[in-house]
Amino acid sequence: MSKKALITGITGQDGSYLAELLLEKGYEVHGLVRRASTFNTERIDHLYEDPHDPGARLFLHYADLTDGSRLATLLERIGPDEVYNLAAQSHVRVSFDEPEFTGQTTGMGSTRLLEAIRSTGLQTRYYQASSSEMFGATPPPQSEATPFWPRSPYGAAKVYAYWMTRNYREAYGMFAVNGILFNHESPRRGETFVTRKISVAAARIAAGKQDRLYLGNLDAVRDWGYAKEYVEGMWRMLQADEPSDYVLATGAPYTVRDFLGFCFEHVGLDWQEHVEFDPRYLRPTEVDALIGDASKAATELGWTAEVHTPELARIMTEAEVRRLTGD
Ligand code: NDP
Ligand code: GDR
């Protein structure tokens with residue numbers, strides 16, 4: 001019998017890589033999809049299988065993290081061995097515009113899912129997509145022992161979900177873990193996150209399809225890794241003997257300015273000739289520096305990031321150049 005996994009947020013960046021990984025490992029994969037007036041499955045279309053096919057191992061279900069009874073019904077029907085809760089309103093800047101909705105999905109969504117697992121009595125292992133944004137204003141390096149100081153409605157909602165996951169582990173003995181992941185990116189990253197915005201713009205400007213790129217704070221320091229590697233870390237957390245919380249990060253700091261340099265250099269351009277400041281992209285409270293210490297994951301899970309930020313910028317920019325030229 002193959003293992004069954006349920007992924008919330010399967011249509012997102014991480015969900016698509018995780019679905020690929022679990023299918024490769026022989027899992028039956030179930031994903032939650034939000035009903036929208038347009039198709040939102042672009043990142044997983046290459047994995048789609050006709051559910052009538054007797055060999056099909058990927059199944060999609062309409063559901064939303066704001067609908068707890070639907071979550072319980074689906075859990076009971078599917079009976080997953082592992083649940084990966086990746087769904088969230090995941091944009092930090094947007095969370096200042098939509099704080100209540102962010103709390104409902106990114107925060108309360110986790111509680112609805114945990115409670116659905118508990119009430120159905122399933123022996124399901126649960127992964128919570130926690131974030132380095134929880135550390136916010138606490139200076140780097142940040143590890144599992146670093147105190148939280150969130151600086152956005154998104155960060156605050158993730159702190160709540162983190163503690164609910166810990167509480168279900170301690171109160172009910174659930175195998176429930178937090179992966180505290182630092183920024184991880186890829187050619188599948190949403191286009192309004194800074195790395196994708198920059199790599200898309202570099203390729204388009206080089207191709208003569210765009211002239212300017214408008215950005216906010218170029219001084220922010222991040223620890224950008226490759227999403228494809230981070231989903232392997234998520235899976236390893238759920239295979240451990242005991243449930244625990246883990247940081248995943250590269251440990252190497254770069255600024256937004258550095259990332260601009262890597263991408264534009266790759267297409268033979270000087271970013272300073274094309275980038276302009278737009279205060280719309282500033283946040284009311286900024287997170288200045290996130291640099292992770294992932295030594296616990298290295299020791300206990302054997303996980304380390306291989307791709308560092310300069311290489312990631314190359315992968316992302318090359319992907320955009322290929323998209324434009326159709327190669
Ligand atoms: P994305 O924004 O790419 O994907 C988010 C996913 O959540 C999408 O599938 C989206 O569906 C779904 N979703 C949003 N709201 C709801 C809802 N109410 N009900 C059901 N599904 C919903 O995020 P990433 O893949 O980058 O990140 C995955 C998770 O990891 C998120 O929780 C994020 O906060 C967290 N995280 C991400 C990091 C990163 O650097 N990428 C770092 C640390 C944590 P739709 O496609 O319909 O919009
Ligand atoms: P972040 O990612 O907030 O770290 O959250 P984002 O790419 O949005 O911002 C990174 C840094 O770049 C600065 N910045 C800009 N950001 C955006 N989006 N657009 C701009 O034009 C721009 N100019 C400068 C930001 O101020 C910030 O300092 C991501 C999300 O994936 C979260 O879900 C996740 O939890 C964290 O990473 C870890």
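Mentor: This is a predicted model. The unreviewed UniProt entry lists residues 6-316 as "domain: NAD(P)-binding".

Trainee: In what order do the strands of the open sheet lie?

Mentor: In general, the strands of a sheet pair through backbone hydrogen bonds, in either a parallel or an antiparallel way. Here 7 strands form an open sheet with parallel pairing, and the order is β3-β2-β1-β4-β5-β6-β11. The edges are β3 (58-62) and β11 (246-248), each of which pairs on one side only. On average, neighbouring strands of this sheet are turned by 20° against each other, direction ignored.

Trainee: How many bridges join β1 and β4?

Mentor: Strand β1 (residues 4-8) pairs with strand β4 (residues 82-85) over 4 bridges, in the parallel sense. To see one on the model, find L6, whose bridge partner in β4 is V83.

Trainee: Which strands does α7 touch?

Mentor: Helix α7 (residues 227-239) packs on the sheet and touches β4, β5, β6 (176-181) and β11. Its direction makes about 155° with that of β6. Another helix to look at is α1, which lies across β1, β2 (28-33), β3 and β4. The angle between α1 and β2 is about 160°.

Trainee: Which residues belong to each domain?

Mentor: The domain assignment gives domain 1 as 4-185 + 224-248, and domain 2 as 194-222 + 253-289 + 308-325. Their C-alpha centres lie 28 Å apart.

Trainee: How many residues of each domain are in contact with the other?

Mentor: 14 residues of domain 1 are in contact with 14 residues of domain 2. On the domain 1 side, α3 and β10 (225-226) are the elements that give two or more residues. Of these, α3 gives the most, with 3 residues. That side of domain 1 divides into 6 nonpolar, 4 polar and 4 charged residues.

Trainee: Now the ligands. Which residues are closest to ligand 1?

Mentor: The closest are G9, G12, A87, A88 and A129, out of 25 residues that surround ligand 1. Both α1 (13-24) and β5 (125-131) supply at least two residues of this shell. The largest share, 3 residues, comes from α1. By class, the shell around ligand 1 has 7 nonpolar, 15 polar and 3 charged residues.

Trainee: One last feature. Where is the peptide bond that is cis?

Mentor: The bond from P140 to P141 is cis, with omega near 0°. To place it on the model, look in the loop between β5 and α5 (153-172), where P141 lies.

Definitions and conventions
Residues are numbered from 1 along each chain as its sequence is written. Chains are lettered from A and ligands numbered from 1 in the order in which they are written. This is a predicted model: local features need pLDDT of at least 70, side-chain atom pairs count only at pLDDT 80 or more; totals for chains, interfaces and linings use all residues. UniProt positions are given in the numbering used here, feature names are shortened, and annotations may be inferred rather than shown by experiment. A residue is near a molecule or strand if its C-beta atom, placed from the backbone, lies within 6 Å of it. Ala, Val, Leu, Ile, Met, Phe, Trp, Tyr, Cys and Pro count as nonpolar, Asp, Glu, Lys and Arg as charged, and the others, Gly among them, as polar. Two strands pair if DSSP finds at least two bridges between them. Axes are lines fitted to C-alpha atoms, for helices over the stretch in contact, and angles run from 0 to 180 degrees between N-to-C directions. Two residues are in contact if their C-beta atoms, placed from the backbone, lie within 7 Å. Domain bounds come from an automatic or database domain assignment.
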